[in-house]
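Me: I would like to go through this model by question and answer, chain by chain and then across the contact. Please show it to begin.

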Amino acid sequence: MLSRRVIPCLDVAAGRVVKGTRFVDLTDEGDPVELASRYAAEGADEIVYLDITAAPEGRGTLLELVQRTARTVFIPLTVGGGVRSVREMRDVLRAGADKVSLNSAALGDPTLINRCAARFGRQAVVVAIDAAREDVPGDPGAAGRWIAYARGGRDRTGLDAVAWAQRAVELGAGELLVTSIDRDGTGSGYDTELLRAISQGVPVPVIASGGAAGPDDFVRAIRDGGADAVLAASIFHRRIYSIGAIKAAMAEAGLPVRMMAERAA
Amino acid sequence: MIRVAVADYGAGNLVSIARALEVVGAEPVLVRDAEALRGADALIVPGVGAAGPAMDRLRRRALVEPIRAWIAAGRPYLGICLGLQLLFDASDEDGAATLGILGGRTIKLAGAPTLPHIGWNTVEPRGAQPLFDGIAPGTAFYFVHSYVAAPDDEGVVIAEAEHGNRFPAAIARGNLLGVQFHPERSGSDGLRLLANFSAIAAGTSRPAEAVPA
């Protein structure tokens, strides 16, 4: 049976792990490879690196980090942040990443998605969608909708996030990483309505991101939001919960998870 | 030390495979042409993506005939993901003709609740299989694919997984082995499987040599 994945996300800048609230106020949280190794040992199903600086002069540092990680940690690695071309994606995959997540560049030029999928296969192409809820003006009772943002949550595109998700999949996205800007860093739980709106309209796996505070949030993202995987950062980095504790709670709730076997030394 | 050739034809994560082989005590050699295959004890063909472009790249590197000859000689081969699928006659994904070493096609995984099939799924070996030595039935491995092998001969299937429908997770015919999942991305169980492959290769080409697990 296919497990529901628990994925620690490491926001990286200049080769270090950082974390901010709502994409700002960054603090240093350690060495990425050290953290990734710890998480793999705890049972992380995958590792995501998001290069939040994504400055062209920092690419060498990122590629070196990806290579060091791929040589140390034998679980899947997804890398995102600032990938703007097929060539840049090729470099990241060659360094040892399994998947690349596209965000702002795909919003700017959606053909990047099908060009990357044609070259590397859709299973290597993750499209990351940062979405914020907007109420309908003058009608607080209306359902509202979500708008996709570019550049780490700074630029409002005006695109409906659910429609963008469907378009991205049609173009060749093999997976969607859906972050609620409203919830990110707040500990108020994943936006399960956003997740459900997106996951019910696409065949590909959806990774929930933004707002996890405790085990119940992970369970709800999957059960209520229809997510296939749950991603979190600070609650793992700050050791509020271990990956194992989250997975145990998910198993308790009846979700299929991959538990680490007790191993003789 | 067992020398394991890894086909480097621009389709797959070679960093992880090469490093994983080192960790299990084998010596990885990336091969870009037939000449580099000399002196290898075993061959791994990795790969993700579509069959057509992969076959094109293998042809451009003039690796198709050497791979066929390698397998025809009964030498140890491990196909990973696309490297398994290429063993069959053709792929439904893009209609590409593939190596045709095993009868059957690569077909879309039918009835899957999500596609691509991405993540850790449990694998059930059929009976005792040297490739799964020391790996408990129901152990999870990492998969990432939308197509699966549909062999003419069910007898080549040595392990199954299920995502909507059951499909071959591993195949074998003598020293010809293939896994649909990615052992190089499947943590310690994946490393164990690569160590087992290395041991199979050692038993074939250098019987006296032991391979650490």
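Me: How many helices and strands are there in chain A?
Reply: This is a predicted model, in which local features need pLDDT of at least 70 and side-chain atom pairs pLDDT 80 or more, while totals for chains, interfaces and linings use all residues. Residues are numbered from 1 along each chain as its sequence is written, with chains lettered from A and ligands numbered from 1 in the order in which they are written. Helices (H or I, at least four residues) and strands (E, at least two) are DSSP runs numbered from the N terminus. On that basis chain A has 10 helices and 12 strands.

Me: What is the radius of gyration of chain A, and what would a compact globule have?
Reply: The radius is taken over C-alpha atoms, and the globule rule is 2.2 Å times the number of residues to the power 0.38. For 265 residues a compact globule would come near 18 Å, and chain A agrees with this at 17 Å.

Me: What percentage of the residues of chain A count as buried?
Reply: A residue is buried if 20 or more other C-beta atoms lie within 10 Å of its own, exposed if 12 or fewer, and partly exposed in between, with C-beta atoms placed from the backbone. Of the 265 residues of chain A, the buried part is 52%.

Me: Is A:Asp160 buried, exposed or partly exposed?
Reply: A:Asp160 lies in strand E9 (residues 155–160) of chain A. Beyond four places in sequence it is in contact (C-beta atoms, placed from the backbone, within 7 Å) with A:Arg145 and A:Ile147. Because it has 17 C-beta neighbours inside 10 Å, A:Asp160 counts as partly exposed.

Me: Which residues of H7(A) are buried?
Reply: Helix H7 (residues 192–199) of chain A is mostly covered, with six of its eight residues buried. Their packing partners in chain A include helix H6 (161–171) and helix H8 (215–223). The buried residues are A:Thr192, A:Leu194, A:Leu195, A:Ala197, A:Ile198 and A:Ser199.

Me: Why is chain B as compact as a globular protein of its length?
Reply: Chain B has five helices and 12 strands. The globule rule gives 17 Å for its 213 residues, and chain B is close to that, so it is as compact as a globular protein of that length, with a radius of gyration of 16 Å.

Me: Which element gives the largest share of the side of chain B that touches chain A?
Reply: The contact takes 29 residues from chain A and 27 residues from chain B. On the side of chain B, at least two residues each come from helix H1 (14–23), strand E7 (117–125), strand E8 (139–145), strand E10 (157–163) and helix H5 (187–205). The largest share, five residues, comes from E7(B).

Me: Is H2(A) parallel, antiparallel, perpendicular or oblique to H1(B)?
Reply: The axes of helix H2 (residues 59–72) of chain A and H1(B) come within 8 Å and cross at roughly 40 degrees. Axes are lines fitted to C-alpha atoms, for helices over the stretch in contact, and angles run from 0 to 180 degrees between N-to-C directions. Angles under 35 degrees count as roughly parallel, over 145 as roughly antiparallel, 65 to 115 as roughly perpendicular and the rest as oblique. Therefore H2(A) is oblique to H1(B).

Me: Which residues of H1(B) meet H2(A)?
Reply: From H2(A) the residues are A:Gln67, A:Ala70 and A:Arg71. In H1(B) they meet B:Val15, B:Ser16 and B:Arg19.

Notes: Contact = placed C-beta atoms within 7 Å.
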